[in-house]
Each structure stands twice: as structure tokens, then as C-alpha cells.
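Colleague: Please show me the model. I would like to go through a pocket and the ligand site.

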Amino acid sequence: MMTFKYSNSVPKSNENATADILKAASDPKVISFAGGLPAAELFPVEQMKAASDKVFDLYGQEVLQYASTLGYLGLRKEIVKMMKERAVETSVDNIAVTTGSQQAIDLVARMLINPGDVVITEDPTYLAAIDVFKSYGAEMVGVPMDEDGIKTDALAETVKKYPEAKFIYTIPNFQNPTGRTMAIERRKELIKIANEADLPVLEDDPYGAIRYAGEFLPSLKHFDTEGRVIYLSSFSKILAPGMRLGWIVASQDFMAKFALLEQNADLHADNLAQYVVAQFLQDVDVTEHIKKITDVYEHRATLMLQEIDKQFPKNVHHSIPQGEIFIWVEVPGVDTKQLFDECIKHDVAFVPGSAFFTNEEQPGTFRMNFSNMNDEQIVEGVKRMGAAIKAVQN
Ligand SMILES: Cc1ncc(COP(=O)(O)O)c(C=O)c1O
């Protein structure tokens with residue numbers, strides 16, 4: 001058999017603890033709080049079908065043709081409007097549509113990282129971003145967080161220690177995995193630190209539109225006066241992840257280079273999907289659609305928090321999300337991998353915290369997701385987890 005000589009971007013081993021965890025969690029009899037899937041019953045199937053029919057009637061062959069790398073102009077115009085609602089003034093020339101925001105993370109990493117470069121992130125952070133940055137040879141440096149997001153005093157220290165760092169990667173809204181939101185003062189402080197150190201900021205915001213508590217907070221991009229924030233968002237959480245559409249907003253200089261790399265990667269995001277989403281945004285009251293999602297997630301978050309308070313031991317600490325789909329739990333003195341094995345015996349799953357740390361793991365932490373489980377599953381699953389925690393604590 002052929003033995004391939006893989007590049008350095010391919011992980012050395014086939015072992016992937018997180019993949020194993022998600023596989024165990026995907027057994028249909030398991031109540032899974034492990035993944036991060038949106039609630040499928042909220043996908044606007046009929047409206048998307050209507051938008052799709054209309055697009056074929058109106059544009060016919062055009063939607064099936066190769067198209068512009070930066071994306072369908074009609075969709076980029078809709079994104080300009082959405083960005084305005086997010087307190088960011090921008091133009092179609094600053095925007096590219098990507099194959100999910102995951103592709104934008106990959107392309108930005110490819111644009112900025114040479115092997116050995118330092119990338120500064122929140123610790124813990126989004127697993128698939130860590131994997132991408134590492135695949136380009138980045139050295140990851142994590143900055144601790146608290147309930148108000150990244151600790152900016154620690155960030156300032158880190159930036160001083162690594163003056164050659166390539167960029168700061170952050171998820172200010174309802175962070176994955178912690179569900180925490182960066183406080184407004186921290187946002188301003190982060191931009192100040194980045195300005196002083198002349199560092200780019202990669203702001204990943206797939207979740208910000210689904211807020212059910214607290215007030216709207218402007219993005220880092222809003223506070224950026226120097227074109228240093230590269231902003232990413234996505235249609236995955238407000239519409240449907242299977243469409244694989246996301247977007248990037250950045251300075252026009254950056255976008256010119258980005259277009260070259262996107263062309264190499266996939267020529268352009270799915271043209272048909274872009275037309276359908278643009279039509280959907282024109283025809284449907286999106287605010288109302290987002291409100292529907294927000295209400296369901298608020299209900300599920302409230303229920304899960306209430307059940308955690310009831311069923312978990314009293315020394316457990318958890319985040320209280322203001323939006324979207326994750327709760328971060330800290331159970332002092334528990335080995336969360338052992339807890340995971342115990343939970344799987346009881347057909348319930350979560351993701352142990354170790355997967356999300358770039359530096360030193362904070363023991364006893366794990367992520368729970370509630371977006372894709374109904375009330376009964378949430379109540380029963382948290383009860384089973386409570387019993388498992390007590391079993392491993394004894
Ligand atoms: C923080 C974060 N960024 C980016 C993504 C990628 O989303 P998508 O490629 O579906 O837009 C996810 C997916 O869950 C995420 O949690």
C-alpha cells in the first residue's frame with residue numbers, strides 16, 4: 001500500500017480525543033449536551049423553499065454559473081444592512097462571502113501565520129480555530145478569562161511578552177466554549193491594547209445575533225478606527241448551517257489579498273445558496289425569525305440552568321449565558337474525562353474542558369450545550385449528569 005508523506009498541516013496521529021467524544025455522544029440513545037447543533041425544527045424550510053423557487057424563476061441559469069469570488073452582490077448588500085444593525089458601517093467592497101465562517105478562519109490563518117508565529121487567544125477557546133491555527137504552525141498563547149471575557153490586564157502582559165505575535169483571536173459574544181460575553185470596557189480596552197501594539201484582531205462572531213439577556217454590545221469592529229479588526233460572522237446560527245455561508249468584513253487592502261486566497265480555496269462560496277439566502281433576507285422578516293430562535297434558546301438555557309442548580313452538587317460553578325448555546329461548568333476536584341465515561345454509562349454526554357485549552361487545562365471544567373435538546377431531554381440529562389458527578393466525587 002502507498003504510504004503518503006503528509007505535509008506538516010496534517011495532524012501526526014489519527015487519535016482525536018474530541019472526535020471520539022462526539023462519536024460516543026452521537027449514539028441515538030445518548031442525551032447529548034456535547035455538540036453545538038442548532039435546533040433543526042427552527043430551520044425555515046418552507047420559506048427557504050419559496051426563496052429557492054423564486055430565485056430559479058427570476059435568475060434561472062445565472063445562479064448555476066461560476067460567479068464572483070467575493071460573493072453575490074445582492075447578498076453582500078444585505079450583509080451591509082445586517083452589519084449596520086450590529087453598529088458597524090461598512091460597504092460591499094469590504095465584504096466577502098465565505099463557505100461558512102470556518103473557511104474564513106482558515107483563510108485568515110493562511111494569510112497571517114508562518115510556522116512558529118504566535119497567535120494570542122482566549123483560554124479556553126473554539127476548538128476548530130485552535131486546530132486551524134496549529135495546522136499553519138502557530139504557537140498558541142492563551143489568555144485567561146473571567147465572567148466578563150478575556151482578562152485585559154493579562155492580555156496586556158501577554159502582548160508585551162510576545163511583541164511579535166501575529167494576531168489576537170477572540171469570540172466576544174456568547175463565547176464557544178464558555179458562553180461568556182466580553183464586557184463593554186474590556187472591548188474598548190482590547191482595541192486600545194491592539195492599537196498600541198499594532199496587532200490585528202480576528203473577531204469571530206457567529207453567535208451575537210441570538211441574545212436573550214443583557215443589552216446589545218457593539219462589536220470590536222465598531223470600536224476599530226484603524227482597519228485592524230477582521231470581523232467574521234455566519235448564517236449558520238441565524239438561518240441554517242447546512243447552507244455553509246459565512247462572511248468576513250475587513251479593510252479593502254486586506255480584502256484584496258483575501259480574494260486571492262479564496263479564489264485558490266474554492267473560487268467562490270456556493271452561488272445558488274447565496275442567491276437563496278439573499279432572497280430570503282429580502283422576503284422574510286428576519287428579525288421575527290431571529291426572535292423565534294432567541295425565545296426557544298432562552299427557554300432551554302433557563303431550564304438547563306435551573307436543573308443544574310437543582311441537580312448538581314452545591315460547589316459547582318457555571319456561566320450564565322446572555323445568548324446562544326453554551327454553558328461552561330466548573331466542578332472542583334473532578335476528572336472530567338472520568339466523569340465523561342461515567343456519564344456515557346448513563347447515556348448522557350458533554351465535552352470535557354481539556355479540548356478547548358491552548359495552554360494549561362483548567363481541571364474540572366466542561367461545556368454543555370442545550371440548543372438541540374427538548375425540555376424532557378434537558379431535565380432527564382441534567383439529572384443523570386448530577387448523579388454521575390456525585391458518583392465520581394465520592
Ligand atoms: C466560535 C465559532 N466560530 C466559527 C464557527 C464555524 O461556523 P460556520 O462555519 O458554520 O459559520 C463555529 C461553529 O460552531 C464556532 O463555534
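Modeller: Domain bounds here come from an automatic or database domain assignment. The model is predicted: local features need pLDDT of at least 70, side-chain atom pairs count only at pLDDT 80 or more, and totals for chains, interfaces and linings use all residues. Residues are numbered from 1 along each chain as its sequence is written, and side-chain values use heavy atoms, without hydrogens and water.

Colleague: Where does the second largest pocket lie?

Modeller: A pocket is an open set of points on a 1 Å grid over the protein atoms alone where a 1.4 Å probe fits, with protein on both sides within 12 Å along at least five of seven lines; lining residues have an atom within 4 Å of a point. Domain 1 (17-43 + 288-393) and domain 2 (45-283) both give residues to this lining, so the second largest pocket lies between them.

Colleague: Which helix gives the most to the lining of the second largest pocket?

Modeller: Helices are DSSP runs (H or I, at least four residues), numbered from the N terminus. Helix 3 (73-85), helix 10 (271-283) and helix 11 (286-311) each supply at least two lining residues. The top contributor, with 7 residues, is helix 11.

Colleague: How many residues surround the ligand, and which are closest?

Modeller: A residue counts as near if one of its heavy atoms lies within 4 Å. By that rule, 14 residues surround the ligand, and the closest are D204, Y207, S234, S236 and R244.

Colleague: How far is a polar side-chain atom of Y207 from an oxygen atom of the ligand?

Modeller: A polar contact is a pair of N or O atoms within 3.5 Å. For S234, the side-chain distance to a ligand oxygen is 2.6 Å. For Y207, the value is 2.4 Å.

Terms used:
A polar contact is a pair of N or O atoms within 3.5 Å; within protein, one must be able to donate a hydrogen and the other to accept it, and residues adjacent in sequence count only if both atoms are side-chain atoms.
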